[in-house]
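Work through the exercises below with the sequence and the model open. Each task is followed by a solution in steps.

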Amino acid sequence: MKKITLLVLSSILLLGTVACDNKAKTSSSAPDSTEKTGEVPTDKTILANQKDATSQVRRDQLNADIRAREQRNQLTGGNTTRANSDLANEVRSKLEANIPSSQLTVVAKDGAIVVAGTVQNQDQLNKIDALAKEIKGVKSVKVSVKIASAAPNPKL
């Protein structure tokens with residue numbers, strides 16, 4: 001009986017660890033790692049990302065997520081160290097709401113944020129650092145993003 005209990009608990013912990021290894025991304029076509037800057041998006045990809053990010057339902061979700069995290073942080077006194085995943089998700093939400101046509105991946109470690117991927121223009125690139133620093137708990141921001149105009153979609 002003890003061996004079965006130990007096996008079940010170990011399995012649950014392993015599953016939880018694997019499930020929590022999720023990178024915060026602004027779109028499904030964003031790179032899987034901050035080591036890559038991403039591919040040049042097609043017109044079709046950009047339109048799909050923009051449509052999703054600019055829909056009122058999605059914007060409401062992003063704003064509700066940000067408010068909930070801020071409230072949770074205030075309840076703990078606001079001075080506690082935040083979880084890396086929570087910080088990365090909040091930065092990703094902020095970037096997704098303000099730069100809807102981007103393909104960005106966000107990783108956080110001890111308050112240091114790394115953002116990688118592609119944006120459409122220099123103005124969007126310039127916004128990343130300031131938007132990330134608006135989030136409480138962000139100590140530094142490294143931006144490894146390239147500007148990539150949309151490539152024509154060969155299927156259109």
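Helices (H or I, at least four residues) and strands (E, at least two) are DSSP runs, numbered from the N terminus. The model is predicted, so local features need pLDDT of at least 70 and side-chain atom pairs count only at pLDDT 80 or more, while totals for chains, interfaces and linings use all residues. Residues are numbered from 1 along each chain as its sequence is written, and side-chain values use heavy atoms, with hydrogens and water left out.

**Exercise 1. Is I12 buried or exposed, and which patch includes I12?**

Step 1. Apply the cut-offs: buried means under 20% relative accessible area, exposed over 50%, partly exposed in between (1.4 Å probe, protein chains only). Areas come from the Shrake-Rupley method with a 1.4 Å probe; for residues, only the protein chains shown count as cover.
Step 2. I12 has a relative accessible area of 53%, so I12 is exposed.
Step 3. Patches take residues with over 30% relative accessible area and no salt bridge; like charges are joined within 9 Å, and nonpolar side chains (Val, Leu, Ile, Met, Phe, Trp, Tyr) within 5 Å.
Step 4. By this rule I12 forms a nonpolar surface patch with I4, V8 and L9, and together they have about 380 Å² of accessible area.

**Exercise 2. Find the salt bridges and place each pair.**

Step 1. A salt bridge is a side-chain nitrogen of Lys or Arg within 4 Å of a carboxyl oxygen of Asp or Glu. The structure contains three.
Step 2. R92 pairs with E96, with the closest N and O atoms 2.7 Å apart. Both are in helix α4 (residues 84-98), four residues apart, about one turn of the helix. R92 and E96 are both buried.
Step 3. K94 and E134 form a salt bridge at 2.9 Å, N to O. This pair links distant parts of the chain, with K94 in helix α4 and E134 in the loop between α5 and β4 (140-147), 40 residues apart.
Step 4. D129 pairs with K133 at 3.3 Å between the closest N and O atoms. Both lie in helix α5, four residues apart. D129 is partly exposed because its relative accessible area is 28%, and K133 is partly exposed at 48%.

**Exercise 3. Which residues have the most contacts inside the largest nonpolar core?**

Step 1. A nonpolar core is a set of buried Ala, Val, Leu, Ile, Met, Phe, Trp, Tyr and Cys residues joined through side-chain atoms within 4.5 Å.
Step 2. The largest core has 19 residues, and V91, L95, I113, V115 and I128 have the most contacts inside it. Two or more residues come from each of α4, β2 (103-109), β3 (112-119), α5 and β4.
Step 3. Contact means heavy atoms within 4.5 Å. Beyond four places in sequence, the residues that I113 touches include L87, V91, V106 and V138.

**Exercise 4. Why does Q124 count as buried?**

Step 1. Q124 sits in helix α5 (residues 122-133).
Step 2. Its relative accessible area is 11%, so Q124 is buried.
Step 3. Apart from neighbours within four places in sequence, Q124 contacts I99, S101 and V119.
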